[in-house]
Structures are given as structure tokens and as C-alpha cells.
Amino acid sequence: MAKARALVTATFCLALFVSASEGLSRPSSIVLENNEFKHILVAINDNVADDPTLVQTIKDTFTKASAFLYAATNQRAVFRDVTILVPSTWSNNNNAYAKATSQVFNDADIIITAPASPPPSPDDVHIGKRSSGVQGSPYFHKRRSTRSSDSGQSPFVHRQPAMTKAYAGCGHQGIRIILGTDVLTDRRLAGSLGPPEKILVHEWAHFRWGVFDEYALEAEPQFYFSPSTGDLEGVRCTELIKGILTRTDPATGKREYCRALDPNTGLWPVGCHFMPYPAGPYVAGLEASIMDHVNIKPISKFCNDNSSNNATKHNYDAPSRHNRLCAHRSTWDVISSSQDFSNEANPTRSGMDTAPIFDVVQAGTSRRLVLALDTSQSMGDDEKLTRMKQAVATFIQEGVAPATEVGLTTFSDDSQVKRALQALNTTHDRQSFADDLPDTESGATDITLALTSAAKLLQISKPTPETPEAKTTISSSSSTNSSLPPSRHSRELPTRSRHASGGHVVVVTDGRETSGTKLTSALPVLRSASVAVSFVVLGGPPQPELEHLAYNTGGRVYCDSNLHSSTAATDAFFTMLQSSSTTPSATPTPIQILSQAEGLSQHGSLDGYFSIDEDLGSKTAFLVAYDVMVPEVSVRSPSGRVYSHIYPEYSLDHRLQMAKIAIPGTAESGRWWYKITNPAGYQRISFLVISSPVRTTSHPVLMSGTLIQKKQTLPLTMHIFAEVTRGDNPVIGMRVTALVTMPDGSLENVALMDNGAGADIVENDGVYSRYFSKLSDPGLYTVRVAATGHVDHKAADTAPIDPRDVFVQRSVSAGYVVITPNNKTKPSPAHAGDREAPVRISDLRVVKTSSKNRTVMLSWRASGDDTDRDTASHYEVYMAPSAYDLLKRTRHVISLTQSDVIHGSLTSPKPFGAREFYMVRIPVPLASRHSFVFTVLAVDDAGNKGEHSNYVTVGLGKVPDVTDAKYWQDGQQMQAATTELDAPKDQRVFIAGVLGFTTGLLLFVIIVTVVVAFVCKKNKDDDLLPVTTPTAETHKNGYRQNGKREIFAMT
């Protein structure tokens, strides 16, 4: 069945602006209509051995999962349309598999892949531990992360048999689900993981609804103090789940029970995990949660807010990832608030047939592509025709795989075939194609005609020898498919006919249909022919109809502002290479190392350096594009070899206005220097560096970029993401920067972070992210991301960092957003000024407690002033007996003041991302209460308040004092280093007075007792005023400082 795919773009607007569509770089066209999920694409990785029985296993799993999902959602959703894409390498006996149409591997919603090697046995399955970088089932296999030399000791990462990539946070759809074949076929794992159908629904909830795991994850708290039980408990939902505490002895490797708390930390020893009972008498009465361990047999529902049923009642107190990222809302509350179910969408529907309908297709071995290039008169403005030719020529000469058949058409108010479909196997083939790129422009713009003509060309095989290839047009009689309407102003081309299915049309245009034809009229033709359509739009935002066509045919939309600093058109073609790959195991080639452009005055220059790492070096090329005069190009290798116009590696194409330096053989690894000088008047010059892997078996560092809409209310904010991987593993410790081209051509540099704060939901998972909210002006915003860093290429997990490790550099396009004005809406005074609140704090932790002193040390990463930029004005800290009190804002909530803070200043936050440490004293007697739950929020200088942080629980006197060893050492150092710097001014005055008093006391005792007594008396009179009658300003310790603020000596 044909499968539609979503846009790569995110289009959304200001308060006075109209919101359009939200997109991901890995699009999905799944819809829930009439309680049925449709257009689900499942792709089998080509690393899976040919096994026809696996297809039936996938069908059986989805059939059972559909019934389970139907019950879990209270009869509101089932799986209906599922397409299974099998690898092109599998045999197709008896034509069991139809040919794929628009389905490609990289568009899959669910990928079935070979299990981790070697696959772990069920005894090695660790419940409650998995990679920090993804959502997934609680089972892991140790793999190695790749790290930058700045990141410290390399942590382990883990390959799960079931996981979901989801980066955007609570309530946002994820990227895709990845299932190992062992999840579906190895019955021995079912006891530890759960039945395949329940695992699938667990992962589906991650992917579709943006909920998270409710068990303890690796590198996150395993236990917490429960106000309801008054004891340390394992993280879980619901609290009715029972289990045992076990750990693996590091010396013997044997599993053992955890029997005693660590006397140094007050916590269970490192390595202890809560393992729930999967069956037996202890599971009687359990119902939830599906986001906990689905190997517990009775589990069949999501946690909810029904306080009358403890079997499904959400555990608000547990420090699970779901609670941390979803503000302690129940999973069903998040799911039922999604677009699938909100506003009474898809209500309960009893008696549904839950069995899905399957379609099995086989991936093609090659791709067929038609480039439709706009030659209308408007393309002559602002060098758009030149930019188009340069981008297309770069793609044809450097990017297209030899097996790809490529055709060429041009269009204005008519359409002409410049080249029939042909594989570009040689350098001569590619140069010949580039020579046929158009030079002139005229006429109106008829995009509908271009689409129907290109679709017809996809039906035509290679021309017969007597047929001329160029400068002909297609008539309606050349097609045997009557669904394609006749093209206007056309002549007949003798051809052999075939179906257009599986073809891809890429239209390069300035984005405006001016012929009067309705673009929507082309959609039925394209869908019936199973042709995917993508658009590269030059000079501004696309028409909404273009986005609609791309969405409904499985294509994408790319935008280039055509400003001098933009390289988006060229970047778009290289992004297409990766997204349309038919072979999942193949590395996208070539890889962009550097992509930049700038308008230069006479004698101005682009200069700097780039690095080629040891994984790359094949087919390395440096490409320079210009507008008027050939620039002077000089590139120097790490060994000092210079490449310029006087050497044979240099070539120049005056017609395309491009210069190229092609490095023969394997390029040197290391740092290269370049300088490109403009010899004439002002002109735009671009510089692109590309290189391919030297070995087909290598796993070079790859990067992908994504833009995701954060919200559709003022102030508008978008997520910018970049994922850096090497093989299956994340690359951490890189420096990743997003370059945003604004509507006026100015550039904004945004440093992306992998620190678990702000937009980044998990620390050190290889996903670098940041919010961007400078979307105040209407127009087009394009985003490119670049990564640099030293990457360790050693094979051993414990290998030390080698200073000779090669510096890695990557550059990719992340997409665009469009701000569109709505003239009917008038701005109100409420929209004026600073509207951006500080970002929510999501990593609040308890570092140390002291029952004797009634103190708690809290730590978190600092919020910003405007989302995650700059520095907030102050913090607010709240305390309550339970998480429920904080959620409902009951009268039991207490707001702490500076007088309750022993260390740290609430009015002096650190810059965004810095680690904060605050020591607070409980302002109530412990005799009346032992359970406390804390939350914190940041406030900016305009009074905008961020959302409440995650909650942390404390039990003073009920359980031993606790110390988080991971943070306590840093907390002590920070405390010692910043006691005076971080303390408020009146505290610093008092501390200085006490220190001066003590020093003076010792000195004067030695000199004369009388002077000591006089000084002592004077200091006491001045600094510490005894309080005899308690007031609202005094504390029970009986002292205040100059009547201003309470002071507590830290013990």
C-alpha cells in the first residue's frame, strides 16, 4: 500500500501568526482515524538473515499487540494498516512480496534488526537497567560509547533488543522503534522482558505519545524515600508492585541479595536494583503500569489518577524518568491529552475487530529519480538559477550512487525532457548530465505540469538507441497509465513503458505556482502512481500546497533563503541521499565535513581549517561556487602539500561557476587549512568539503539534525537537535553548534548541549539539543548544525585517550521554520516585552541529608533567563509532605525563603547549565513531620516563572541520613569554594564579622585580657542582637542578624 510521509519541516507562527504543520527529520504519516492506527511502516534491516517465518512472526505479534492496545486504551485504539518492508537481499520465492513503491528503510516507524552480538542469555538480563540515550525495555547488553577526549572516562552504552529513540520530551512523538529479532522469536527472554506483544505496546507508548519508563534506569536513582510507606523503596509504578533487591558481586560475578544499607551513604549499595516478581502470589491484584515491567503477567493498563484504585494509581513520588520529564503526571493523563484522544477524539468503541491488515513489500535494489528544474522568469532574480545549477551539479557529480537512474526535466509554463532516465556510472555520464542543466529562464511557473510530466518520465525506461535523449517532451500517448493526464504543449517521445511506482521526483523551484493551475489536482495522479515528491525551494518559504503534496506522497520539503550565508539547497541534496537510502547498512556517502557561504567584498576571504578523520578520505573533494569572478583557492594538507589552480587536482567549470579540487586516492588524515580570496567586487562564495569512508566495513561518525516545534503558544520556541553516532553508539563530548540564518540574513550561533538540562532530556546520550526562541520576525529561518571534537578510535573500553586521535568534523542541515503573519490578529499589551520564562529544571536531586541538623542539600543544573539562555533572576523552592500536595498546590505547601538557606543564594543563580548546590534547613520541627518533598523553579527579571522542577523526597529520622556519593564530593568542593562568593551580602558581612571576631579574640588574648573582653563585648552588641520575644522575623534559634534575615551556622 502506498505510504505517505511527513515533512522534514516545522512550520509554525507567532501569537499574531497562524500555526501550520509540525515536522520531524524522520517523518511519519501514521494517523489514528476512527480508533484505527493506519500507515504503519515496519522495515526489516538487511543484517537479518533471509527468514520468511519472521514475517509471519511480525504479523502474529502485531495481531496480539492490537488486542492488548485496545484493552489498555479503554477500547479507543487498535493497529489497522501495517506495511512490512523486507530487504532487497531476501529471496522472493513465488513472488511472495510485492515491489515497494514509496516505502524506504529510513522512513520506517519500526525497524526489526539482528540482535546484539553476542546475544545475552536470560540470566544476563538485568531488570531496570538500560541505556540512558533511549527509551526501551529493561534489558541491556554492554556496548562501548565513543567519546570526545574532553568528556572524561568513557561510560558504557547498551544495546537493547527493544528501544525507542525519542528526544523531544514529554508528549512529543519519537523518531522510531527498534526491535531485535530475539524479542520476537526467543521465548526464553519472555520471562525477563515480557511477551513480544506487550513489549511492542510499551515501545509504542514511548514512540507515539511521548511517555517514559516508570522503572529505574541506569545512571538515575534506583531507590527513593516513599512518604506513603515511610521507607526506602524501589522506583516503580504502581507502589503495589513487589519484588526483591539484588546485585551482581563485582568480585565473583554472582547474583546476590542486597541485605543491608551502606553505612556511608544510607542507601543500598551501588549495583543494587529492585527486581519485581513477574508471577506468583505477589502479583495478585496488579493491573499497572505498562510503562513499568511488562513481564509482570497481570500488567495490562497504564497508571492513571484514579485514587480509589491502588492497582492503577500513579506513583507520584518515585523519581522515575517519566515523573522527571512529565512533571509527575500519570502516563494515562499524558496519553489521553494527546491529539489522538483529546477533545473527545476517538472515543471508546466497543466490539471492534482488532486484527490488523498487512501488506508485505520488498525494497528495491536501486532508486529512480527525476529532477524537475524551474526555468521560469522569476528564477532569474537574485542568481536563483545559478544557485540551482550549482546545487544540482554538486549532487549529480559528487552524490548520486552509480546504481541510481536519474532523469531531467525543466519547466516554466511548459515542460521539457532534457534527459531520460539513465544510470550515471562514469565521470563522463555525470559531466554530460551537468552540461544539460539549463542556462536561461522565461515564462510563468506551472508546477502541476512539472509534476505530471516527471511522473510520466518515471514510467519510461531507457530510450531506444534511435531515440534522442535531450530536448524532447512527453505527450500523453507515451504513457500506458490512463490515470496520468496529458501534458500541455508537448511532443511525443518513443519509449518503452513501465510503472512509475517507487520513483522519486525532486522539484527545484522558487516555490510559487503562477500559471493558475491548482497544485492539489496533481495529488491523485501522484498517489495512484506511488511517486514520492520532494521540493527544494529557493528564495523564500514554500506554498502550503507544496508541503501538502510532499506530506501525502512520502516526500520532504527543503528551503533555502537564497541569502549569501545560506547553503541549504546543496545541503538538502546530501540530506536526501541519507533519507532515501535503500540499504540500511550502507553508510551515506559522501559525508559533509564543512559547508559554508558568505558574501565577500573585493580581497575579502573565507579562511580557516577543517579536519578529515581516519574513517574518511576516499573521493575527497573541495568545491567552491561563486557568482561573478573566479576566486583564488588554496588548500594545504596536514603534511604541508598545497593544492591550488596551478596543480592538476584543480578544475574549473566557467559555465557552472564552480571550482573543484579533487584529492586522488586517500586524503591525509588530520587538519587541513584553506583560504579562498575574492579578487573582484562583492560576490557570494561558498565552500563545501565532502569525503567518503575509506572502508566499506568502517563506521564513521555520522550526524543528523532535527527541528521540532516546542509549542504553538507565545512565545514560540523550537527544539534544535543533533544526534552524533558511530555505528550503534552515541558520540559524546563533541562541540555542536547550530547556525540559524534569520529572515534578514543575520546569523545566530546556538551551542547545543548534551548535559541533561533544558531541551536535553538525557545527559551523555549523543543527542545535543537546545531551545531557540528568537522567532519574532516573519519569514524563513534555516538551520545548519556543525560538530567538532576529538574522537577516540580505540577498540578497548578502558583505553586511555591518545592525543593523536583524529579531530572529527561534520556539518548537516537541520531544516527550517516559517513565521507567517496573520493580519487579522492584533498584538495585545500582554504580548509586549519579555514573555520567555526560564526553562523547567528536570534534574533536581538530593545530595545529602542530616536529621540532626534538619538540613538537606539539593542540586540541579541552572535554568536560564529566556528558556535556556543567560541567567535567571532568582529561584523559588517549595516543600510539602507529599508529591500530591505539590501537584494540587494544597495548603500544606511551604515556600522556603533565604532565611531557610544555609548555603547558596536564591537571588544569585548561576548561568544556564552550571551545577547548583543549595543547603536548606527544614523550617518545621521533625517531631511533627518526617516526610518532605521538594521542588524548585526559576524566575526571570521580568517575573516570568518557569515550570516546577521534578520532585525529590526526603525522610528525616525515618530512615538513615543519605549521601549521594556522585554529587557530594562536588557539593563539598563547591561549598568550600563559593561560601563567600555565593552568600548574600548580609551573610558575607556576618561571616566576615565572625571570622574577624575569632581572629581578634585569639590575638588579643595573647596581648591583653582586658582588650579582648572589650572587643568581644563590642562585637556582640553590634552583630548579634538577642531576641527575647519571638516575632514573625525571628526563628526558634533565637537569633537574627540586624533584624534583616535569619542566619544558620552549617554543622
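Which side chain does arginine 419 meet in a salt bridge? Keep that question in mind. This model is predicted. The points below go through it feature by feature.

1. **Arginine 419 and its partner.** The side chain of arginine 419 meets that of aspartate 436. Their N to O distance is 2.9 Å. Arginine 419 sits in strand β22, residues 415–423. Aspartate 436 belongs to the loop between α8 (427–435) and α9 (447–458). The pair therefore ties together parts that are 17 residues apart in sequence. Is arginine 419 buried or exposed? Arginine 419 counts as buried, because its relative accessibility is 5% and the cut-off for buried is under 20%.

2. **The background to such pairs.** Side chains of opposite charge can pair when their charged atoms come close. How many salt bridges does the structure hold? The number is 29.

3. **Aspartate 186 with arginine 188.** These two residues form a salt bridge. The closest N and O atoms are 3.1 Å apart. Look at the surroundings of each partner. Aspartate 186 is buried, with a relative accessible area of 19%. Arginine 188 is exposed, at 57%. The cut-offs behind those words are under 20% for buried and over 50% for exposed.

4. **Arginine 641 with glutamate 649.** Here, too, the side chains meet in a salt bridge, with 3.1 Å from N to O. Arginine 641 is partly exposed, with a relative accessible area of 31%. Glutamate 649 counts as buried at 15% relative accessibility. As for the network, shared partners join Glu220, Arg321 and Arg324 through their salt bridges.

5. **A nonpolar patch.** Which residues form a nonpolar patch on the surface? They are Val642, Ile646 and Tyr647. Together they have about 250 Å² of accessible area. Tyrosine 647 lies in the loop between β30 (642–643) and β31 (650–653). Tyrosine 647 is partly exposed, with a relative accessible area of 32%.

6. Where is aspartate 382? Aspartate 382 is in the loop between β20 (368–374) and α7 (384–399). Aspartate 382 counts as exposed, because its relative accessibility is 59% and exposed means over 50%.

7. **Helix α7.** The loop with aspartate 382 runs up to helix α7. Helix α7 has 16 residues. From its first C-alpha to its last, α7 reaches 21 Å. That is close to the 22 Å expected at 1.5 Å a residue. Why is α7 described as largely enclosed by the rest of the structure? The reason is that 16 of its 16 residues are buried.

8. **Helix α4.** Run the same kind of check on helix α4, residues 196–209. Its 14 residues should span 20 Å at 1.5 Å a residue. The end C-alpha atoms are 19 Å apart, which agrees. In α4, 14 of the 14 residues are buried, so this helix is largely enclosed by the rest of the structure. What follows α4? Glycine 210 does, and its phi is positive, near 65°.

9. **Two cis peptide bonds.** The bond from cysteine 237 to threonine 238 is cis, with omega near 15°. Threonine 238 is found in the loop between β15 (231–234) and β16 (243–248). Another cis peptide bond joins alanine 288 and serine 289, where omega is about 20°. Serine 289 lies in the loop between β18 (273–276) and α5 (321–325).

10. **Positive phi outside glycine.** Asparagine 95 has a positive phi, near 50°, and is a residue other than glycine. Its place is in the loop between β5 (81–86) and β6 (98–99). Asparagine 95 counts as exposed, at 66% relative accessibility. Glutamine 657 also has a positive phi, near 60°. Glutamine 657 is placed in the loop between β31 and β32 (658–662). Is glutamine 657 buried or exposed? Glutamine 657 is buried, with a relative accessible area of 15%.

Methods:
Residues numbered from 1 in each chain as written. Predicted model: local features only at pLDDT ≥ 70, side-chain atom pairs only at ≥ 80, totals over all residues. Heavy atoms only, no water. Helix = DSSP H or I, 4+ residues; strand = E, 2+ residues; numbered from the N terminus. Buried < 20%, exposed > 50% of the residue type's maximum accessible area, 1.4 Å probe, protein only. Expected span 1.5 Å × (residues − 1). Salt bridge = Lys/Arg side-chain N within 4 Å of Asp/Glu carboxyl O. Patch = residues over 30% accessible without salt bridge, like charges linked within 9 Å, V, L, I, M, F, W, Y side chains within 5 Å. Areas by Shrake-Rupley, 256 points an atom, 1.4 Å probe, with all protein chains shown as cover.
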